[in-house]
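Thanks for coming, everyone. Let me put the structure on the screen, and then we'll walk through it together.

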Amino acid sequence: MAKDRLHNLLSRVVDIKPGEEVIAVFFFLYFFLITAPYYIIKSLRNANYLEHQGVNRLPLAYFLTALLMGFVVNLHSKLQVKIPRRTLIVSSLIFFFLNIGLFWWLFQLDWKWVPVVFWVWANIFMIVLVTQFWILVNDTFNPREAKRLIGFIGSGAQLGAILGGMMAGSLAKTKASDFLLLIAAGMLSISIFIVLSIFAKQRKAEPEAEREAADRKKKSEKRAKAGFRDGWETVKQSPYLKLLAGIVMVTLVVSTLIDFQFNSIVFNVRGGKNLTSFFGYFNAGTMAFAFLLQLLLTSNIIRRYGIRLTLLFYPLILLLGSAGIGMVAFASIIPAILIKASDKSLAYSLNQSVRELLYIPISVEQKYKAKVFIDMFLNRFAKGVGAVILWLLLAILPKSSEIGITALGIRYISLVVAFIILGWILLNLKVGRGYTDTVKEKLKPAWERGDRLVADQVDVDYTKLVFDTLESKDRSSVLYALHLFDLIRQDKMTPELKKIISHKSDEVRMTSLGTLFDQGETGLGPEIDDNLSDEVLQKEIQEIMSLDSYQEVMKSYIGKAIDKSGAEGKIARMEAAKAIGLMNPDAPVVEKLEDLLADESPEVSHYALESAAALKRRESVPALVQKLSKPVLCEDAMDALAKYGGKIVGTLADYLGDSGENLEIRRGVSSVLARIGNQDAADFLSWELTEAEGALAMDIIDGLDKIRTENAAVHFPEEAVKSKIYGEIVSYCQNFVGSSTEKREEKKQGINQDWEKRQTHILESIFKLLGLIYPHEDIAKAYQNLKTGTKDSVAYAIELLDNILEREMRDTVFPLVEELSLEERMARCRDLLTNLAGGKRSK
Amino acid sequence: MRISPRAKNDVIIFDIEGEIKRSDITDVTLHQLVKDQLESGKRKILLNFEQVEFIDSFGVGEILASYISTHNLGGKLKIVKISKKLYLIFQVTMLTKVLDIFDDEESALKSFF
């Protein structure tokens, strides 16, 4: 009941799924409870330092912070692989909690060096705790969950900043100021319990098998190297991490330059009057804006535009702001306020959220090493680089004696900022692609098409010939001899095969199969005369077969055999059907093949089909097509027709397009076209795609998928494929909405299996069609993981689709595959039906 | 040829008796029986060849078609208790490269999990 109320409350501001409420609130509180104390500490840090050390000694604080950060990164990297994550985070919180108490006591002593130490410590406090927070977020959520929840979770920081800042501002003027640090310590102590609760909840939700796997992983992580250098090496070796590091660097350099422009313009326009009040209101305003942006828009923007587009928002807005400053310089304060407000609010909301999402698909080991290096060290280092660039610019730009820089100088800085932002946009575009590639790597293909696997490993024609040869041995010596000749003719009479077929007994009387190939003397004398060379034999037989007299005699013999009934007649017709396939296509006897193709016996027809495939006579095609409707001969007929290749594609297309033709024949023809697999075959199948329904449609879609799998050069008509996809989606939604609650209940109990089968078939067809117009392997991987994957691999599969499908297609396919409640899916299906079934996109 | 299906630990075992030959075909083919099981959601198929004397090219086609259909749906099809002679021919024709063949039912069943 309480959970329902919490769900209802949260679902007003965040797209939250049942069961996620508590963990999301815990993370929100965790972020809030580390940020609010920091903003109290930050106010005290600035005030104490400026009071005791003065503004001129600020560079000392910056320098010491940068120096110690390298040491902290090194120590943290080593600790995080030696001790469990839970212990590390909780110990860090306790450490900083005790430190606050220590500083409260030290401040009473009024020693001059305490503010210097406090300054450096405060920076380490924030960087360590925030990095650990995001590591835990990365550990807990998959990309889909993170995209939905990150806005809400991240808003905890903005709320903490607002409240922390307000508390410091209001209490600083009262007697309670002495206790500000203790208030901060109190808030931090609560976060310890929140973190413990998060770990307890994680442990509870983790299935036994996954927990064991995680434990094994943790043990292997412990053996990994650690340290500052290792973090640097990890980033250096990964192009994706290098891009991430580059983006962090560029972001902070731009931010430093913008900060300088803003301060210069504010100072120039407003003079030195009431600056504290101005900055106070400005900071409070931007943080409040960042909070609203984070809570209400961040997740929606990321979900609507995807990571790749969202990554561009921040630099593009700053580019516009920079152009504004470049145009007006000191003439107006508004562009400066807008760009600084955008920078500050976006940096803490949208940008941070997207940046954290970029880390999620990286392997755990890489993530921890890289994150600590980038977020803790590079973050600070980049600010230093920004300061150096600024110093160099100031050295060469026109100066003013009053405010240090002229309007022209401000414009030049805008130009530099604009150039850097263009580079930043390029990096963002690259990292967007890198993100998709990293998500792809997380998904393993579960299987590949079976027909491809078989074709790669087995020579099916040879295999069938071997089995038929052995089978013919007991039927007729003539048929057996014809098979042997066929094997020799095709140069497939291997020594191993010779041994098997020369075997006199049906049983292999050996204990070990392997020894058969090794033994030189089996005692089983070969029936084939090894002294007769294969080439000579082949030549002699072909010469005999091409003799006019032979043809005349055989024509008469086969004519009689066709009329002959009984078992003897059948054997004679089988021999004739096999023999014709070994002759020249122009030989007169070959005319008899059509009669043999029409034979009642499937064994005779089988040999006739084989011979038709070998001779490839156009006259045989209609008879072969008719065999597609016979279950026993269908496979042989498909093989035979496929061997004709591209020259009969047009003829086959006529059968496929003829709605009055037998359905089994049309289905068989679609399979043959798929086996031929050239561009013409794909075009004809695509042509029929929009008209076909039911089993034929499924066969055509499967055929197109086969062509796509085997021939990447073939193209498919995008509009026709999309139209079919929308049509299939309409069918899926109609089935879903149309089925009563009762039927779905039956489905749950396994009674209504037909309904489920139908939906499964439609979904399979949709993904096969998607694979025709989007990267085939990626779509196949996504589908396979959706069908059989764990919760995380399903999430990554959807994330991959999110990154490769166009927005319109994504919005249409996602309601079918996303994790939704029954009511939500029903509503989304209804919406889709309204949009699609109106005939706008579907046929 | 007679084919009788039975289930064991989520695996469907087809006990095949006789010869899988074009001439001995009954109303329903082996491939059709496998497809029926796949349609009903089964993904682990075991063909018991203990009573199979011989197969012809049609039989090979049936086994391969069954294998392809099973594999295309992410399932597994395996063979158990094949005669030494058939195994030898499977080896020569490289069928052993794609088909998992086991000596006894227990190890075949274990291999599915």
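Which residues is Tyr30(A) in contact with, leaving aside its neighbours within four places in sequence? They are Phe133(A), Ser191(A), Ile194(A), Val195(A) and Ile198(A). By contact I mean that the C-beta atoms of two residues, placed from the backbone, lie within 7 Å.

Some ground rules. This is a predicted model: local features need pLDDT of at least 70, side-chain atom pairs count only at pLDDT 80 or more, and totals for chains, interfaces and linings use all residues. Residues are numbered from 1 along each chain as its sequence is written, while chains are lettered from A and ligands numbered from 1 in the order in which they are written.

Now, chain A. Its secondary structure comes to 37 helices and zero strands. Helices (H or I, at least four residues) and strands (E, at least two) are DSSP runs, numbered from the N terminus. Chain A has 843 residues, and 41% of them count as buried. Buried means 20 or more other C-beta atoms within 10 Å of a residue's own; exposed means 12 or fewer; partly exposed is in between; again, the C-beta atoms are placed from the backbone. Take the contacts in chain A between residues at least 6 apart in sequence: 78% of them join residues at least 24 apart.

Back to Tyr30(A). The largest nonpolar core has 211 residues, and Tyr30(A), Phe27(A), Val254(A) and Leu673(A) touch the most other members. A nonpolar core is a set of buried Ala, Val, Leu, Ile, Met, Phe, Trp, Tyr and Cys residues joined through C-beta atoms within 7 Å. Helix H2 of chain A, residues 21-52, gives the most to this core, with 18 residues. Apart from that core lies another, of 39 residues, including Ile13(B), Leu46(B), Ile55(B) and Leu77(B).

Next, domains. Chain A is divided into domain 1 (19-205), domain 2 (227-439) and domain 3 (459-502 + 532-615). These bounds come from an automatic or database domain assignment. The centres of domain 2 and domain 3 of chain A, taken over C-alpha atoms, are separated by 79 Å.

Let's zoom in on one helix. H22(A) covers residues 566-580. Why should it span 21 Å? Because its 15 residues count at 1.5 Å each, and its end C-alpha atoms, 21 Å apart, agree with that. The expected span is 1.5 Å times one less than the number of residues. Buried residues in H22(A) include Ile571(A), Met574(A) and Ile580(A). The buried residues of H22(A) pack against helices H17 (477-489), H21 (548-563), H23 (593-597) and H24 (602-615) of chain A.

Two single residues now. Thr251(A) lies in helix H10 of chain A, residues 239-270. Buried or exposed? Thr251(A) counts as buried, with 25 C-beta neighbours inside 10 Å. Thr251(A) and Tyr314(A) are 63 residues apart in sequence, and 9.5 Å apart in space, C-alpha to C-alpha. Then Lys616(A), in the loop between H24 and helix H25 (621-627) of chain A. Lys616(A) has a positive phi of about 55 degrees although it is not a glycine. Most residues other than glycine have a negative phi. Lys616(A) is partly exposed, with 16 other C-beta atoms within 10 Å.

On to chain B. Strand E1, residues 2-8, is hardly covered: of its seven residues, the count of buried ones is zero. Seven bridges join E1(B) to strand E2 (residues 11-20), and the two run antiparallel. Strands pair if DSSP finds at least two bridges between them. E1(B) and E2(B) form a hairpin with two residues between them. Asn9(B), in the turn, has a positive phi of about 45 degrees. Asn9(B) counts as exposed, with 10 C-beta neighbours inside 10 Å.

Strand E4 of chain B, residues 76-80, is another matter. Four of its five residues are buried, so E4(B) is largely enclosed by the rest of the structure. Five bridges join E3(B) to E4(B), and these run parallel. Leu47(B) stands opposite Ile79(B) in E4(B).

Last stop: where the chains meet. The contact takes 38 residues from chain A and 30 residues from chain B. On the chain B side, strand E3 (44-55), helix H2 (57-72) and helix H3 (84-92) each supply at least two residues. H2(B) gives the most to that side, with nine residues.
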